Amino acid sequence: MSAISHFFHRLEVGLFARPKLVLAAILMATLFFAAQLPGVKMYSDFADLLPQEHPYIELHNDIKDNFGGANVIVVGVEVAEGTIFNNETLKLIHEVTQAVDNLPGVNHNLVASFTHRTTRKVWLTEMGNIVSDPYYKPQDPDLSAAALEELSKAVVANPQVYGPLISPDMKTALVKAQLNEGALDYENTFAQLQQLRMDYAREGVEIYATGQPVLVGWAYHYKDQIFQILAFTALIMVALLIFHFRSWYGVLVPLAGVLVSTIWGIGIISLFGYNLDPLGLVIPFLISARAMSHGIQLVERYYTELEGVGDSHVAARHTFENLFRPGTLGVVSDAVGLLLIAIGSIPLNTKLAHYASLWALSIIVTVLLAVPLLLSILPRPSKTQLKQNALRHVANYASGIVIARPRRILLVAAALTVAGGFVASHVTIGESEPGSPILYQDHDYNVSSKAINDSFPGSEELYIVAEHRDEGGIKRPEVLAALEDLERHMLLDPEVGGAKGIPDLIKQVNRLLHNNDPRWQQIPKDEFYVGGLMFAYMASSPIPGALKEFVDPAEQVANLVFYYKDHQGETIRRAIHTAKQWIDANQGKVDGLKIRLAGGTIGVTAAMNEAAFDTNKVVLPLVFLLIFAFVMVFYSSLQAGLMMFVAMFFATTLTYAYMGLAEVGININTVPIIAVGVGVGIDYSIYMMDRIREEMARLDDLSAAVGAALRSTGLAVSFTAITLIAGIVMWIFLSDLRFQADAALLLSVMVVLNGLAALWLVPAWVLTFKPTFITQLSVDADGIIHQQRTQAQSGGG
């Protein structure tokens, strides 16, 4: 630590020799970043949510143009009384279908509805020809009661319609539309969809809307709330500063640091060419709040030093000297937590990691450096003594308890960690409840999802793709038999509401060609006969691409679709496990056949869940390891690294316990929050450890040093934790996006737990184990603290 400490000392001497020059350079850089602000845009890109290197997403990208993907709008039309089989409701379903088909960005070849031109009934004529007709013809006159009854029977006879598109109770019809991924205008599409729902609303009829594009649309819908939250957050911050400092310096100097830091951060986003995603705004708010908390620590220490030395310039230098080193280590810890998010393959998190880590590092210049320099050139404040408030009394009370009962505190912490580990083992991977966790359960989106899932055997689709080495290979009887067996295996899961695939179509057409005799509902033994059945089906339809939803034009790739009621983590794991069971048992049995997982909403969500879990397994241990290493090197002490590791482990274990109790799952949204929370939270423990060390060098009495540190830094930690929570708390109360509220609450829990670790666990650990890097110290001529070395000591003490 000697070399590092002397480097910081030389840096201090150089900076404070020319404070105005350094501040001018920071101002010029701030103006440069401010010029970049107009280039920042706020939007969501569906592709940014997907782990592009995951095999399921590679499959999704391969098949989305032919078979569709997960970017699908689902609209449900439900009648309160009777069934949909009346002329008025059929006309309404047709009009809604046409309106959905005309939404911007819709792939017109991948629209599915009972009244759409591609959904047809097929039958055999007296001449032996297969013909098909749409179920509903809008140009025809109103149907009679007998015709409506006949239509309902025809629907029930077709398993591709009855179940997937018409609910078993015949009260709800679905309209599904795939969107062309890429340059989608989610905001415009969502606005037109909502207008559609209003235009076609009827008494006794509910029109629901769900699907990924609708979810993103709702996120856009609430983006104006960001400005309300920003305004309320700023008011809370100012109020807290006034309450704590009750001086102009205490209010304006930290605010100036936050403003400069925010300009740098948003400017960095613009220089990268990245977008701000509405769902990821909690972390930029957190970084700004973190800048505020560092500024508060500096101003608090400045007043403490000023009371002792009386000279403003000297007080500012002492503030820099004492807080720049631990502050820099804390900021680097923040940045490490943010940067490691990029390890996963989700582009959204990679972008977040790049700009947020640099934004966090900028705090070293914009706050830790700029604030002491600014204080050094400002006139000495007239009032140098801070008034007492409730937090100062709490800090005094806490110091007495810690000094009296350190071992008891460690035992309680150990018991809480063990109990927390047990509860944390029940945290869900993926969604822990139906619908989307991004919105509240009573939100229109989740109400729509629930209504549709309650009415249908399954509206969430899993795609399993079969590929053959040879062109036309899908037509071979042994291939079709294998796919039929795969379907049968998947349908053993009671959560599967139905299936659709080329084997079902072949059997259906074969039966039709044999006078609808059910004994012929089987796969033929001849490849050419299968080809003839496929050709007969295509020829019966005047719509091009009749087989497109089942096979590709080369008849080498086939898509099997399975319907599930929800995309909860447990449902997805069971679906993927069931598919892998069959693949493991049968892969290689049919020459040239390869089965690939997994597309559709279930497959894409499975990829996102697996990526989140894998990232979580890697990122958190790396955050722990790197912070441990940084602290150990910085203080030249293994014990210092171990103490910080214990504090991180305690807070993180209890965070996962909270997630288990609150039913917050591990997914692509929560993994970065946890990593950021660990990096941000450890700052408090670093500040506390460093202040105990500093007071020990001054007082040469461990209990007195711990008491003094708790009364000073403990107070600052308490207040900065409150400030940090204040920076994100309005998301909890004002945001209609549940994810933002949950993320803010999760971060608040992590801040509180890390604050408790700093205030109770770290001092108790120091008093109990008396680490030598704190208890055996000396101060050199430059005022730099060193650990005393004895022959009995090893280098790591």
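**Exercise 1.** Which residues point one way from strand 6, and which the other way?

*Solution.* Keep in mind as you work that this is a predicted model. Start with one face of strand 6: Thr172, Leu174, Lys176 and Gln178 point that way. Then turn to the other face, where you will find Ala173, Val175, Ala177 and Leu179. Next, check burial, taking under 20% relative accessible area as the cut-off. Eight of the eight residues of strand 6 pass, so this strand is largely enclosed by the rest of the structure.

**Exercise 2.** Work out the strand order of the open sheet and find its edges.

*Solution.* Begin with strand 6 and strand 3, which are antiparallel and joined by four bridges; here Ala112 stands opposite Lys176 of strand 6. Now take strand 2 (residues 72-79): seven bridges join it to strand 6, again antiparallel, and Glu78 faces Thr172 across this pair. Strand 2 also pairs with strand 7 in the antiparallel sense, over six bridges, with Val74 opposite Thr210. Put together, the four strands give the order 3-6-2-7. Strand 3 (106-113) and strand 7 (205-210) each have a single partner strand, so one side of each lacks a neighbour in the sheet. From one strand to the next, the twist averages 15°.

**Exercise 3.** Identify the strands that helix 15 touches.

*Solution.* Locate helix 15 at residues 444-455 and follow its contacts with the sheet: they reach strand 2, strand 6 (172-179) and strand 7. Then compare directions: those of helix 15 and strand 7 make an angle of about 105°.

How values were computed
Residues are numbered from 1 along each chain as its sequence is written. This is a predicted model: local features need pLDDT of at least 70, side-chain atom pairs count only at pLDDT 80 or more; totals for chains, interfaces and linings use all residues. Side-chain values use heavy atoms; hydrogens and water are left out. Two strands pair if DSSP finds at least two bridges between them. Helices (H or I, at least four residues) and strands (E, at least two) are DSSP runs, numbered from the N terminus. Axes are lines fitted to C-alpha atoms, for helices over the stretch in contact, and angles run from 0 to 180 degrees between N-to-C directions. Contact means heavy atoms within 4.5 Å. Buried means under 20% relative accessible area, exposed over 50%, partly exposed in between (1.4 Å probe, protein chains only).
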